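Here's a quick briefing to read alongside the model. Have the viewer open and follow along.

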Amino acid sequence: MANDASVVSDTLSPAVSKGSLADLFTPPADSTLWRKNFLLGAATASYQIEGAVNEDGRLPSIWDTFSATPGKVLAGDTGAVACDHYHRWEADVEMLVSLGLEGYRLSIAWPRVMDAAGVPNRKGLDFYKRLLNRLKEKGITTFATLYHWDLPQHLEDRGGWLNRETAYRFADYADLMSRELAGTVDAWATLNEPWCSAYLGYGNGHHAPGLADDRFATQAMHHLLLAHGLAVPVLRANDPASQKGIVANIGRGTPNSDSAADQRAAHLFEVQHNAWILDPLLKGAYPQDLFELWPGTEPLVLDGDMETISAPLDFLGINYYFRTNVASDGAHGFRDVPLEGVERTQMGWEVYPDGLRDLLTGFKKTYHNLPPIYITENGMASDDQVTDGHVEDTQRISFLKRHLAAVDQAIKAGVDIRGYFLWSLMDNFEWAFGYERRFGVVHVDYSTQKRTIKRSAELVAKFLKERKARA
Ligand code: FCB
């Protein structure tokens, strides 16, 4: 890493650099987070930050269509401008570097880089080349996600993830990107959170493309996982030096009582959130309990698909946010039973760091071939305000510290976790919640595009500077 950590002292507010503010972030001395090879970075995604949706030949994505549909996104917000990162990427990279962050996880917008006939769009490709080259020059470790939900609309018009053909088009796209960007990407993730694409997109309709049928969800999931499996060998062939993996969101489900029915409900919750994705990837089979929850929804699986899907991974990206307390719904499913008096974020999500530790240690027991793990997203939304040029996001500082402690505990329990990415580098378009929910460690004023470094980012930077100085 060649980060110039000296810039950080200019970034820190006087209170932090003088040490007059209690440092609520820095991990304890015995934390594994002090190890220099534990990568600490931040994450973003194309549609959430780039804007410039009609520029340089970018085609519409399902999120352009969905967000333009009245009633789908809070306040009618869209990603048309977002953080205007497409034009401000140089300053944004400088900001990342000034914070001493060592890794950056970004995503590539499929509709920017190729057209419906598969013809590459040079201008779109050049944007990512410039960005990734600059990150490399700055010594930042780069994680590039190929699909963070912005499916080209022309593919959705032909059935989207319900059409098996989309998986083959994804492999073509992975081929193009890994040929063009080989050498600038340290780690490729095929998909971000297939659970969200399949379930929120095709199962309950809360996300684009807005369809709602459990049978659609399981078939979309199968084609997403197939797309992943088809892309991995392509990425390996074109860019052998990089790591190849996938990013899954995971959910903790806890039973509302000791009753067998509630215990079963919590089990089914985790099957639906975790095993639905991890079992095919790591065991080569769908969990049969899933079809107890959703009878009659078995997807069409062709010979050889499960072998394709379960090809070995170099890493598994894990995104974790909260837990859900559940009870039996009296039939064969579960229902949420929100707990009273617990700490919650602006999203209403419960702050529950133990869930991250417990899931990770559980996966190690369940999957004998669990790949090395990166926490590719973790963070929280708060209603942050800029006051006198500062943002005191105290809850986030404490949230991050407690989740990093959970990661440390999982590492000490034997889970191979190699890094952690804050979600997110900056406030951005939070899907169906638009711009109201602020997840960044940097504040964005959407009327001026001014970035203001929040206290949380200052303290992360302070820790990284200290860690570097000790190394
Ligand atoms: C995850 C998404 C990411 C962001 C966070 C809050 O599900 O991957 O884009 O919206 O949630």
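What follows covers the ground rules, the ligand site and the overall chain.

This is a predicted model, where local features need pLDDT of at least 70, side-chain atom pairs count only at pLDDT 80 or more, and totals for chains, interfaces and linings use all residues. Residues are numbered from 1 along each chain as its sequence is written, and side-chain values use heavy atoms, with hydrogens and water left out.

**Ligand site**
- Polar contacts are pairs of N or O atoms within 3.5 Å.
- His148 puts a polar side-chain atom 2.8 Å from a ligand oxygen, and for Asn192 the corresponding distance is 2.9 Å.
- In the side chain of Glu193, an N or O atom sits 2.5 Å from an oxygen atom of the ligand.
- On its own the ligand exposes 290 Å², and the protein buries 95% of that (Shrake-Rupley areas, 1.4 Å probe).

**Whole chain**
- The chain has 17 helices and 11 strands (DSSP runs: H or I of at least four residues for helices, E of at least two for strands, numbered from the N terminus).
- A compact globule of 471 residues would have a radius of gyration near 23 Å, and the chain's 21 Å agrees (taken over C-alpha atoms; the rule is 2.2 Å times the number of residues to the power 0.38).
- The C-alpha atoms fill a box of roughly 65 × 55 × 45 Å along the principal axes.

Note on methods:
A polar contact is a pair of N or O atoms within 3.5 Å; within protein, one must be able to donate a hydrogen and the other to accept it, and residues adjacent in sequence count only if both atoms are side-chain atoms.
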